[in-house]
Structures are given as structure tokens and as C-alpha cells.
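Welcome! Please open the structure and work through the exercises that follow, each with its solution laid out in steps.

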Amino acid sequence: EDPILSTEREVKNWAIQKSSEIDQLKAQEKFRREFLSNISHEFKTPLFAIQGYIETLKDGMIEDDIEMANNFLNKASRNIDRLTYLLNDLDQISKLETGQITINKEKFDVIELILETVDHLIDKARKQNIDIVIDIKNNSPIYVKADKQRIQQVLVNLIDNSIKYGKQDGKTKINIYPLFDQILVEITDNGFGIEEKNISRVFERFFRTDKSRSRDIGGSGLGLSIVKHIIEAHQQTVHARSTEGIGTTFGFTLEKAKGNT
Ligand code: ADP
């Protein structure tokens, strides 16, 4: 082969490779910029709120109106909680995305875990008079092989959303379907739902629909992206479907445990 032609081809290939590397770096850079701007935006809202409450208290409200002052202190404290949750979520996301988290699989009864998780959230559901119904055919356990703690986090995030975005006097249904070597867990609410155009975006980090922003329902927009990361780290799948005004279903699969393993 002609050495000049072959060198030319090598140079061309090199250039193609470099240009795709540059595209990749540009995409990473864009991602980092957006990530930072999202984070600072999410932090500003509660910080400004806290600042506002403290300024008002400093201006003499404590003496003038004790009840209102207490109310403001509570609100400030709730915003501090929000910042703490946000930091925790961010910490988790970054660990999940950089692969710093190991999935420790063990065999456990998923029904038991669901019951335990619902127990943690029942008070919150009662405040909105939401019924949580678990569809269990019989009392026998369903064993799965997964990271129990992280699957609990998935359940908390999904059930918590079904309450947050559910309606007063509503209902959350939890269904468990056995598949061939997997099981499918679905959480369904009868809340305000998600518009068709947004359904594929809800797993993106920081994505929140205008509805949830405008109704001032607390959240960081990180919960579902944590869910997706955890389930995908198990090589399983997660999905969402929704009808506006009717309700939403989130589902994920888990690996069935075989024998004693
Ligand atoms: P957060 O709840 O903190 O905003 P998530 O990542 O858990 O963040 O959810 C992202 C967005 O998806 C929410 O802000 C909301 O707009 C929408 N969403 C999630 N779950 C539901 C649900 N069950 N019903 C309606 N909308 C939902």
C-alpha cells in the first residue's frame, strides 16, 4: 500500500477520533454547567426564605407577636430541613453516578419491606386522608435478591411522591406481580397525574413539572433520578405511566431469589 495514502488515512481517523472526544468534553462541560446552575437555584429558594424570616424576626416581631414569630421560626426550620434533604440527595446522586456505591445484594421478603416502609409514611398519608392499600394475594412471603436498604429508599421515594402528588382523600395502591424470574412492584395514585410530554422527563435530575412547582409542593426533583439509578444499578428496569387528572403509576422490577441465595 502507498505509504502516503495510508498516513493520510491514519491522520483522518485520528482527526475523527479527536473531534468526537471534543464533542464529548463539550457535552460534559455543558452538563456540569447546568448541574451547578440547577444546584444553586435549588439552594437559593430556601436560603432566601430563611433570610426573610430572620430579617423580619430581627425587626422586632418577637416582641410584637409571639405567635407569628413562632410560626416564622417553624417555617425557617422547615427550609433548613429542605436544605438538608437536598444535600443528602445530592450526595447520593453523585455517589451513584460516579459508581462509588456498591450494591449489596441479599435475600429478603419484599412484602415485609413494603409493609415496613408504608408504616414509616402512614402518618404523612393520614394528614391528607390518603389510604395506602397493599394488594397481597395471600400471606406468603416473596423473596427477592437486592440491596434491601436501597430498595427501601426506592419505595420511600415512590410512595412519598404518591402522597405528595396525590389528592386529599385519595388512594395509593401497591401491587406486586410475579413474573418469570423477576417480580414487578407498581405504585399507583389517583392524584393530578403527569402530562404526556413530561412523562419521559420525570427521571431527569432536577426535573419538576410546572404544576408541582407552582403548587409549592416541596421537593428537589432528585427523588426519581435516585430511584432510576438504584434500579439500574441492579440491572432492573423502572417505568412510569400517567393520565392527567386520573393518576400515575410507577413500577420497577426486582430479581427473584432462587433457593437460599
Ligand atoms: P420531587 O418530588 O422532589 O420534585 P422527583 O424526582 O421525585 O422530585 O419527581 C420529579 C417530578 O415528577 C415531580 O416534581 C413531579 O412534578 C413529578 N411527579 C413525580 N411523581 C409524581 C406523581 N406520583 N404524580 C404526579 N407527578 C409526579
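**Exercise 1: Aromatic pairs**

The structure holds 5 aromatic pairs. The model is predicted, with local features needing pLDDT of at least 70, side-chain atom pairs counting only at pLDDT 80 or more, and totals for chains, interfaces and linings using all residues. Residues are numbered from 1 along each chain as its sequence is written, and side-chain values use heavy atoms, with hydrogens and water left out.

Task: work out how the rings of Tyr53 and Phe72 are arranged, and what the pair ties together.

Step 1. Recall the rule: rings of Phe, Tyr and Trp (its six-membered ring) pair if their centres lie within 6.5 Å, and planes under 30 degrees apart count as stacked, over 60 as edge-to-face and the rest as tilted.

Step 2. The ring centres of Tyr53 and Phe72 are 4.9 Å apart and the planes stand at 70°, so this pair is edge-to-face.

Step 3. Tyr53 belongs to helix H1 and Phe72 to helix H2, so the pair ties together parts 19 residues apart in sequence. Helices here are DSSP runs (H or I, at least four residues) and strands are too (E, at least two), numbered from the N terminus.

Step 4. Check burial, where buried means under 20% relative accessible area, exposed over 50% and partly exposed in between (1.4 Å probe, protein chains only). Tyr53 is buried at 18%, and Phe72 is buried at 13%.

**Exercise 2: Another pair**

Step 1. Tyr165 counts as buried at 17% relative accessibility, and Phe192 counts as buried at 14%.

**Exercise 3: A cluster and a charge**

Task: find which residues form one aromatic cluster, and what lies over the face of Tyr143.

Step 1. The cluster is formed by Phe31, Phe35 and Phe206.

Step 2. Over the face of Tyr143 lies Lys107, at 4.7 Å from the ring centre. The rule asks for NZ of Lys or CZ of Arg within 6 Å of the ring centre and within 35 degrees of the ring normal.
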